[in-house]
Amino acid sequence: MLPTLRWIILILATGPIVYGLMSLYAVVSYFRKLRKMPPRRDVFSPPVSVLKPVRGADNGVYENFASYCQLDYPEYELVFAVADAEDPAVPVIEKLQIDFPDCSIRLLKGVERLGANNKVNNLARLVREAKYDLLVMTDSDVRVDSDYLREVVAPFANAEVGGVTTFYRCLGGGTIASSLNQLGMCMDSAPSALVARMLEGKMQFAYGWTMATTKKNLEEIGGWEAMANHHSDDFELGNRIAGRGYRVELMRKPVWMVFARESMAQYLRHELRWSIGLRNVRPLAYVGMIFTHGLPWAVAAAIVAFGAGWSIVAVAYLAAYLLLRVAGAWATGLWGLRDSRIARKLWLVPVRDAVSFCVWVMGFFSDKIEWRGLVYRVKRRLLIPVPADKQQH
């Protein structure tokens, strides 16, 4: 039995190596193709409503919001929505209206409650109030360059495109926890998205840091109102648009994500929320992630190989894991997204993998999340608010 078990572990441990090679290929292929594309033409420039659902004041909130007031684009409006008129972001938005009088900035207060997802409640109101058909929705911790709208609008020149999303580069942070969080894009989010895109032949989801579509496309999937109780609103939007036969495209250029100085506890809560959400929207893919977690498999294979006296095999598994993970993070972050800040964080790759594996395991045994100070349970993709008197149980 022992030799059989040894070979089973060694064979299964090649799974993450295969995935690592596949993701590296997907990343290099995508960004190489991107480099060869002709310069973008700015002929297509319909008016745009930029919609910002807001709850609280994130790190660098004024600079984040101000970046949308200085866009190089002929006609657009910037519309904010808050559920609470006393939200700390309200004075920041009012200051923007004073500082940028030439920019069309509106603030909607007192958003009605349609479902458990407060962000979606805001988005539903924003869409109803939006002046233009083309909608660009972004999170409040996102900062953009002046050509942002030209980049996000360009794919819509093709009538087959129903949604646009993007990757991000990192700003802010400053703690070990926030550095681990920042590594998520180049180690997990972008590579896994590009592998899924390669295997499935298309993108079937979007990311909250940029979700662009039209009112017409939203109406076809029931509007945000149909997603008011869903946890992963960005996934739902992209998945439903793709399900209608439209293409979901990636912008050529990433946005900037501004990270807070997170504590390790905050980072773990964030990662667990993401894991529980993913388990709910793509349960089979979540189970299959066992073969994307290379560190535990490499360690298990090394222990088995050392026990059999195969030192070279043991070293080979560990070296293959580390080389592929660091190379993948470098190719995605530095070469692909051109995020120079990632270089100083590559030494944390094994730490991120160790934490991610533990969180992935925890995701099977919990359905409770904390999101913007509120506590929910996630069941069958839906958010269920947890009353204050039951949050400790």
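1. Start with strand 12 (residues 374–379) and strand 13 (residues 382–385), which pair in the antiparallel sense over four bridges. This is a predicted model, by the way, so keep that in mind throughout. Look across the pair and you'll find Tyr 376 standing opposite Pro 385 in strand 13. The hairpin has two residues between its strands, and Arg 380 takes a positive phi there, near 50°.

2. Another positive phi turns up at Gly 245, which follows helix 9 and has a value near 95°. Helix 9 itself covers residues 233–243, and its buried residues are Asp 233, Phe 235, Glu 236, Leu 237, Gly 238, Ile 241 and Ala 242.

3. Now for the charged pairs. Side chains of opposite charge can pair when their charged atoms come close. How many salt bridges does the structure hold? There are 26. One of them joins the side chains of Arg 106 and Glu 77, at 2.8 Å from N to O. Arg 106 sits in strand 3 (residues 104–109) and Glu 77 in strand 2 (residues 76–82), so this pair ties together parts that are 29 residues apart in sequence. Are the two partners buried or exposed? Arg 106 is partly exposed, with 26% relative accessibility, whereas Glu 77 is buried, at 1%. Why does Glu 77 count as buried? Because its 1% relative accessibility falls under the 20% cut-off.

4. Next, have a look at helix 4 (residues 90–99), which holds both Asp 99 and Lys 95, four residues apart, or about one turn of the helix. These two form a salt bridge, with their closest N and O atoms 3.1 Å apart.

5. Arg 247 is in strand 9 and Glu 160 in the loop between helix 6 and strand 6 (161–165), 87 residues apart. Arg 247 is partly exposed at 35% relative accessibility, and Glu 160 is partly exposed at 48%. There's also a network of salt bridges, which links Glu 112, Arg 125, Arg 128, Glu 129 and Glu 225.

6. On to the second largest pocket, with a volume of about 560 Å³. Its lining has 26 residues, and Met 37, Ala 154, Pro 155, Leu 250 and Arg 252 lie nearest its centre. Helix 2 (14–36), helix 6 (148–153) and strand 9 (247–250) are the elements that give two or more residues to this lining. By class, you get 14 nonpolar, two polar and ten charged residues.

7. Finally, the cavities: six of them come to 30 Å³ or more. The largest has a volume of about 100 Å³, and of its 14 lining residues, Pro 16, Ile 17, Gly 294, Tyr 321 and Leu 324 are closest to the centre. Which element supplies the largest share of that lining? Helix 13, with five residues. The second largest cavity holds about 80 Å³ of space, and its lining divides into eight nonpolar, four polar and one charged residue.

Notes:
Residues numbered from 1 in each chain as written. Predicted model: local features only at pLDDT ≥ 70, side-chain atom pairs only at ≥ 80, totals over all residues. Heavy atoms only, no water. 1 Å grid on protein atoms, 1.4 Å probe; cavity = no way out; pocket = protein on both sides within 12 Å on 5 of 7 lines; lining within 4 Å. Points joined across faces, edges and corners; volume = space filled by probe spheres on them. Nonpolar A, V, L, I, M, F, W, Y, C, P; charged D, E, K, R; others polar. Salt bridge = Lys/Arg side-chain N within 4 Å of Asp/Glu carboxyl O. Buried < 20%, exposed > 50% of the residue type's maximum accessible area, 1.4 Å probe, protein only. Pairing = 2+ DSSP bridges.
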